[in-house]
Amino acid sequence: MAWALKLPLTDEVIESGLVQDFDASLSGIGQELGAGAYSMSDVLALPIFKQEESNLPPDNENKILPFQYVLCAATSPAIKLHDETLTYLNQGQSYEIRMLDNRKIGELPEITSKMVKSIIRVVFHDRRLQYTEHQQLEGWRWNRPGDRILDLDIPMSVGMIDPRANPTQLNTVEFLWDPSKRTSVFIQVHCISTEFTMRKHGGEKGVPFRIQIDTFKENDSIEYTEHQHSASCQVKVFKPKGADRKQKTDREKMEKRAPQEREKYQSSYETTILTECSPWPEVTYVSNSPSPSFISTHTTFPVVVSEGVVRPRLTVYVCQESQQAREQQQQKHENGDSPNNTFFVYHAIYLEDLTAAELTEKIAQLFNISPRQINQIFKQGPTGIHVLVSDEMIQNFQDEVCFVLDTMKDDTSDGYHIILK
């Protein structure tokens with residue numbers, strides 16, 4: 001395939017074409033675009049993207065990093081010299097990330113002829129959104145059921161082994177790779193920057209994201225938990241073809257500037273070098289056991305024990321469908337428009353036994369009725385069919401799954417059937 005002709009990168013190409021991009025992208029990391037300037041000291045204090053000096057060696061500027069990650073997408077030419085690079089991506093398009101072994105001969109011999117694990121994440125660059133990341137991602141999940149924020153394009157990738165994606169972590173993928181062999185990973189980002197703005201502004205008003213890669217080697221217990229290297233870059237994601245139009249617009253704006261003004265801006269490079277950063281905090285690792293497919297169909301629910309208290313294994317959010325909601329839904333089908341004033345209040349149900357009987361009891365408690373009044377619970381399936389909820393079905397629910405409850409009178413008794421939509 002044509003893309004394979006770019007690999008492997010020679011030392012000469014890296015030194016002549018990429019090092020300049022790397023040096024430029026080191027400056028201004030943490031700047032927030034479109035939200036006003038703020039001091040670097042504020043950025044350094046962030047819990048997520050802070051670059052703690054204590055985590056980095058004193059001679060960080062001169063050291064050779066063990067790995068280097070190259071995103072094959074052009075940087076914007078409209079970025080000032082002392083700002084971090086910004087790269088535009090198209091939603092759903094596959095982009096290559098080249099995983100390069102940057103070690104000198106004899107350096108880090110403990111990973112020679114061994115696999116390392118890399119975890120790729122799409123996270124918020126904006127410090128305000130970092131503090132509400134969980135709520136932002138949950139809102140995206142409900143608006144885009146069944147979709148993922150980040151995917152791997154496995155057929156296009158080379159050298160990637162045992163790729164995995166946790167169904168509850170929509171913005172994270174991971175895989176193993178051998179640093180001594182050519183490795184290129186193709187990623188797809190499915191969320192766009194404007195999905196996280198208050199008024200859904202145009203593309204230029206969308207929020208920037210970060211693509212971060214954390215790499216780990218095996219410890220004595222043969223678990224990939226020993227951190228080796230982390231790097232990230234700033235991106236914005238547009239609807240299909242939007243990134244190309246934005247890149248063209250930026251280039252045309254720069255061409256119209258006077259030569260003295262253009263000197264204040266970075267050159268645009270064909271690739272983006274991810275710059276070193278602190279490892280992502282509180283990493284949750286996916287099991288390393290072999291699996292027949294990329295995404296596991298069975299969700300593993302955590303059981304956290306703290307001071308003798310066992311937290312619930314599964315959280316389910318439910319909301320009772322009101323008559324007003326039914327009428328609005330009917331209006332939506334008749335007019336083809338989505339009503340804007342629908343407001344649902346969800347209640348959390350915590351399941352420990354993961355059985356249909358437990359779910360029935362918890363729903364009855366929530367709505368102050370007797371469990372005997374609930375005859376059966378169905379889940380609305382494809383084409384609107386009603387599938388009887390069983391213990392096995394509940395055990396395969398994703399954690400924090402969301403349902404709207406509808407009721408249907410049982411003609412043979414005084415009870416009701418519950419339908420999970």
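The structure is a predicted model, in which local features require pLDDT of at least 70 and side-chain atom pairs count only at pLDDT 80 or more, whereas totals for chains, interfaces and linings use all residues. Residues are numbered from 1 along each chain as its sequence is written, and side-chain values use heavy atoms, with hydrogens and water left out.

Asp162 is located in strand 6 (residues 160-164), where strands (E, at least two residues) and helices (H or I, at least four) are DSSP runs numbered from the N terminus. The phi angle of Asp162 is near 55 degrees, a positive value in a residue other than glycine. In general, most residues other than glycine have a negative phi. A positive phi, near 65 degrees, is also found at Glu400. Glu400 is placed in the loop between helix 9 (391-395) and strand 19, and its relative accessibility of 17% makes this residue buried.

The protein comprises nine helices and 20 strands. Of its 421 residues, 45% are classed as buried. Among contacts (heavy atoms within 4.5 Å) with a separation of 6 or more, 74% join residues 24 or more positions apart.

Six strands form an open sheet of mixed pairing, in the order 16-15-19-20-17-18. Its edge strands, strand 16 (347-351) and strand 18 (386-388), each pair on one side only. Neighbouring strands of this sheet are turned by 40 degrees against each other on average, direction ignored. Helix 8 (residues 356-366) packs on the sheet and touches strand 15, strand 16, strand 17 (374-380), strand 19 and strand 20. The direction of helix 8 makes about 150 degrees with that of strand 16; such angles, from 0 to 180 degrees, are taken between the N-to-C directions of lines fitted to C-alpha atoms, for helices over the stretch in contact.

Two strands are regarded as paired if DSSP finds at least two bridges between them. Within the sheet, strand 19 (residues 401-409) pairs in the parallel sense with strand 15 (residues 314-320) over five bridges, and Cys319 stands opposite Val404. Strand 19 pairs in the antiparallel sense with strand 20 (residues 416-420), likewise over five bridges. In this pairing, Met408 has His417 as its bridge partner, and Asp406 is opposite Ile419. Six residues separate strand 19 from strand 20 in the hairpin that they form.

No disulfide, that is, a pair of cysteine sulfur atoms within 2.5 Å, is found in a search of the whole structure. For Cys402, the closest cysteine sulfur is that of Cys319, and the separation of 7.7 Å is too far for a bond. Cys402 is buried because its relative accessible area is 19%. Cys191, at 1% relative accessibility, is likewise counted as buried.

Rings of Phe, Tyr and Trp (its six-membered ring) pair if their centres lie within 6.5 Å, and planes under 30 degrees apart count as stacked, over 60 as edge-to-face and the rest as tilted. The rings of Phe67 and Trp177 are edge-to-face, because their centres are 5.4 Å apart and their planes lie at 65 degrees. Phe67 belongs to strand 1 (residues 67-71) and Trp177 to strand 7 (residues 172-177), so this pair ties together parts 110 residues apart in sequence. Both Phe67 and Trp177 are buried. A tilted pair is formed by Phe124 and Phe209, at 6.0 Å centre to centre with 45 degrees between the planes. Phe124, in strand 4 (residues 116-124), and Phe209, in strand 9 (residues 209-218), are 85 residues apart, and the pair thus links distant parts of the chain. Phe124 is buried at 3% relative accessibility, as is Phe209 at 2%. Ring pairs join Phe124, Phe196 and Phe209 into a cluster.

His229, in strand 10 (residues 224-238), is buried at 3% relative accessibility. Beyond its neighbours within four places in sequence, His229 is in contact with Leu65, Pro66, Phe67, Tyr69, Ile213, Asp214, Thr215 and Glu276.

Note on methods: Buried < 20%, exposed > 50% of the residue type's maximum accessible area, 1.4 Å probe, protein only.
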